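Subject: Handover of a structure and the findings

Dear colleague,

Please find below the structure that I am passing on to you. My findings follow after it, and I would be grateful if you read them with the structure open.

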Amino acid sequence: MVRCFLIHTVCPVSALSAGESRVLYSRVFGPDDGVLSERHRELSPEERRLLQKEKVAAVARQVRSAVSLSRESSGRLIVETMPGEENLALQDADCGVVRLRAGDPFSEETSALWLGVQSLGFTLVCEPHENLLLAEGTLRNLTRHCLEHLHMLGQGSEVLLKSNRIDVLLSRLLPHGQLLFLNHRFAQSLEKEVAAYMAK
Amino acid sequence: MYSHASESLIKQAREIQESELQKFYSRLMKMLQGKELGHDTVDSLQRLHLILSATKYTRTLPLELQKRFVALLSSPAEQHQVLSAAVLRETLPLTGQELNYNHQLNSHAAGLLLSQAVSRGDLSSLCTQLLRNLESRPSEGPTHSLMHTLPVLNSVLTHSPECLSEDQMTLVSKKLVDWLRYASVMQGVGTSSGGFFTGPRSRQPVPIAELDGSVSGDFFTVLCVGQGFTEDQWMNVYSFSMLRHWLLTYHSSCSTTVDADDRSEVDGSVVSMVSATSSSSRLLPPKERLREKAFQYCQRLIEQSDRKAHKKTDTELQKACLVEAVCILDCVCVEDASLVYRTFPCIKALFGRLSSELSYARVLLPIAQFYLNHGEIAAVDCENVWKVVFGRFPTELFNDPFLAHELLRFLRLNLESIELRVPQYTRYFPNLLKFLAWDSPAMVDDFVDLLPSMVTTGTAVELLHTLLDLPCLSATLVLQHRSTCLPISEPVGRSFVSLDAFRNPSFRGLFLFLLRTEAGSGDTMDRLSTLHELLVEAADWPRVTQCARTVPVLLHVFFNTIVTIADEKLLAHLILVLLERSSLLLNIPAYIKEIHRVFSCHLLRLCKLHPSLVVNQSHELLEFAGSTANVYSKEELYTHVVWVLGEYLSVSCDSRCSVSLITSCFEALEAVLFEITSSAPPTGMVCPAPKVINTLMSALAKLASRSHDLIPRVSLFLSKLRTVTRSGSVAWCSDEEDLVAIVTRGEELWSLLKAPGVAQSVLTPPPHVIAPQWHRDTNVALPLQLRALTSLTHSQ
């Protein structure tokens, strides 16, 4: 299962300190990590929500750090692409995976797969024993759809103001965090539904 | 991509004033009164969501508004469901709020319930509701109305497998079997692209096809295509997607023992008979039936993956299916070992097909796992598998981050088993370290966990050399990578020398040694200094500097491990390596200093554990300590070498320590001390720190206290020191305070040496004095005893 999906910055943001990342979209799947464990049973719902937000921010920070180290070592220059060149942007994107140890921040060990498209990172946090090949393909697919449907290569803020589109995208391609084995025909069918929703 | 506009939107959302927010709430309340939600309402709802989610502190909605959202969750329009679920996710659930369980839960409402569950009870109720809907659903209904059932169920399983009762598990097992094995083999009606045909067209039912276009001859799987899909075909996809997790959760070996008690003897014999053949399994209990069907499904997938798919995304899906299929087969074989004989031929054939294809490397890892788990039972030779996984993958695919992650994870999770069944694993460390050398930040965590398993007494020295040369390996991999890429991508002049050297036949041997796959062909190379010179420009390559930063960490892990398994002979050899390599490191400024610091720390530790090492290696240690140049270029390490000499070169540590040894050590140190305190440091060097000089003086004093004839020589030096420093500043010490500290120390030692008998016990106290003894020490024991007696007798 996928624990969460995030879209966050991987470039320096003026309002934040050097290693921080601004989370633009986050969706955590499933019941809260702490609810069923002994440690956090006494927390109020407010505290639990706060804890969850902190965990998501921790993941974003770690991925940001991994992305900048990876870009530094590969020495590749980040090329800005124009709206309409989503496929090119995706091809040029760097990718990797970060091992998140048990407790940091989720109670068991997880793997954070990331795709760095210019100044933004798209991250999928997977549980152990997850099929990472499938996860990688799903992440690329999700990223491509996000870039296209939310016009993310432009200067707009649709990722913030039209997040319900991402919710619907996830409900089809990654329902409740379930990775799906979709061949091109199944995928087409789901993508048609998503497109129909977006047209409204 | 990320603009100032977005940044300011978030800022606005966070800083919205309470009064403005309340006005917004009332406006929203009015907008939501109508049945239809116009564009303005949708936009406002999105803004509300942004306001709520932009801050980590929870905002509470007015009760009426929140209730309205709850009602909106069951609206038939998906947009309403999505928006209300998104908003409600960001607020606290109403106390006593209960979503009406009688309605069929849509996917978004189910997701909300899942995220707001606070107890196992909540999750159980959700499962019960979903399964009830599954059983009693009407035959007509929107196609996707129940597809979220399995994902939600799977999500609950992850966190709380006990939420399903036995009956519910049986129900789900039966349904899974139906969907996996008995889904329709005819294509569904194509989703209309809108347009010309208004009524249902009567068509001949068309069978499903394979990915290469041919007509499918067997049951439906995720690798089958059609113009459209029936509901059970969709459920086939959802079922397979969660199958592995289901099997791992409910079919692990401990749960089967519980079932064994319930099964009658007849059933037991039926099970074993049927497992051995693949005939009809209708007589099996649901769990075993599911296992059998899962087995068949996976075998079919493996077969289907051999077909040439028309689309690239489908080829990638085939790879993912192979991984999943092999993992599931592994899982069912762990559960029922008799299936191994049926499975192995298929796995073996798959390995044969894919072992030479680098693009299928990630599929080979689950295959390796299968061999590891079941190879012994099936008495299959696994040698080739390990040659590929340890010998080939790191060599050719060191720059694939996903393969690296998965391979290292495989090692970590199976370490015990690998150490037992694949003893040659420890020889492959030069190859495995390539992953680290290429992408240190991502891999260092895994290597901190794995390195202890790679430390063996046979390869320890070679491993130490390899770790110290990791930055060189990193540079070599970069050169190798560049060498295979187009040369035009490189700006002219950059890395000209090193790339040339890499391609030069006379230096080939050096690089080939670094790139070796197995240990055992030699501890290190002869021409290390040549190599370092060739790679001098690599010192500022980011990959190399990142790698250099991880070496100290790994050295600590190495030394922490080696002290637990090495004998004194090996430790002595390691000390020699330390001394030798301290001047043979790739010249990255912070790197050399850090390595010296690590060396110092562990030299100290080793000598403390085995003091006789100092006498053993006295020759090399003295050679090091007697060289004045080392004071300036390796100050930290030098200080520690002098300290261990002073501390442990004594008869009490090793009976072979002779007077002549002490004397020759004394003379060597004395000479250095004279030299560094009589002239300014050589050009380009800084003055030696007071610590060095103090350590030298203390060492001399300690040695003198063991061989009293040397005392006059020390006293002479110390008095000379006092005289020289009285006349003001000196060339070898820049700071006034430092000089005072040195002189004070000198005077302390001088006065101590005036009473030689005392000097020895003060400077090198015997162990029983410095180890705390508490009640065993007669001086401390008496007060403790008295206090205990007092508290017992005065019982008020």
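Buried area, as used here, is the accessible area, taken with a 1.4 Å probe, that two parts lose on being put together, summed over both. Please note also that this is a predicted model.

I begin with the contact between the two chains. By that definition, about 7,700 Å² is buried between chain B and chain A, and carbon and sulfur atoms give 57% of this area. M1(B), Y2(B) and F402(B) together supply 12% of the area that chain B buries against chain A, more than any other three residues. In terms of residues, 91 from chain B and 80 from chain A take part in the contact.

Chain B is more spread out than a compact globule, because its radius of gyration is 37 Å, well over the 28 Å that the globule rule gives for 796 residues. Along the principal axes, the C-alpha atoms of chain B fill a box of roughly 115 × 80 × 70 Å. Of the 796 residues in chain B, 53% are buried. Where contacts in chain B link residues at least 6 apart in sequence, 74% of them join residues at least 24 apart.

Chain B carries 71 positive and 82 negative side chains, with the centres of the two sets 3 Å apart.

D469(B) sits in the loop between helix 22 (460-468) and helix 23 (470-484). The relative accessible area of D469(B) is 4%, under the 20% cut-off, so this residue is buried. Apart from neighbours within four places in sequence, D469(B) is in contact with L514(B), T524(B), L528(B), H532(B) and R581(B).

The other residue, G520(B), lies in the loop between helix 25 (508-514) and helix 26 (528-534). G520(B) counts as exposed because its relative accessible area, 63%, is over 50%. Although G520(B) and T459(B) are 61 residues apart in sequence, their C-alpha atoms are 7.3 Å apart in space.

With kind regards

Technical notes
Residues numbered from 1 in each chain as written. Chains lettered and ligands numbered in written order. Heavy atoms only, no water. Rg over C-alpha atoms; globule rule 2.2 N^0.38 Å. Buried < 20%, exposed > 50% of the residue type's maximum accessible area, 1.4 Å probe, protein only. Contact = heavy atoms within 4.5 Å. Lys, Arg positive; Asp, Glu negative; His and termini not counted. Charge placed at Lys NZ, Arg CZ, Asp CG, Glu CD. Helix = DSSP H or I, 4+ residues; strand = E, 2+ residues; numbered from the N terminus.
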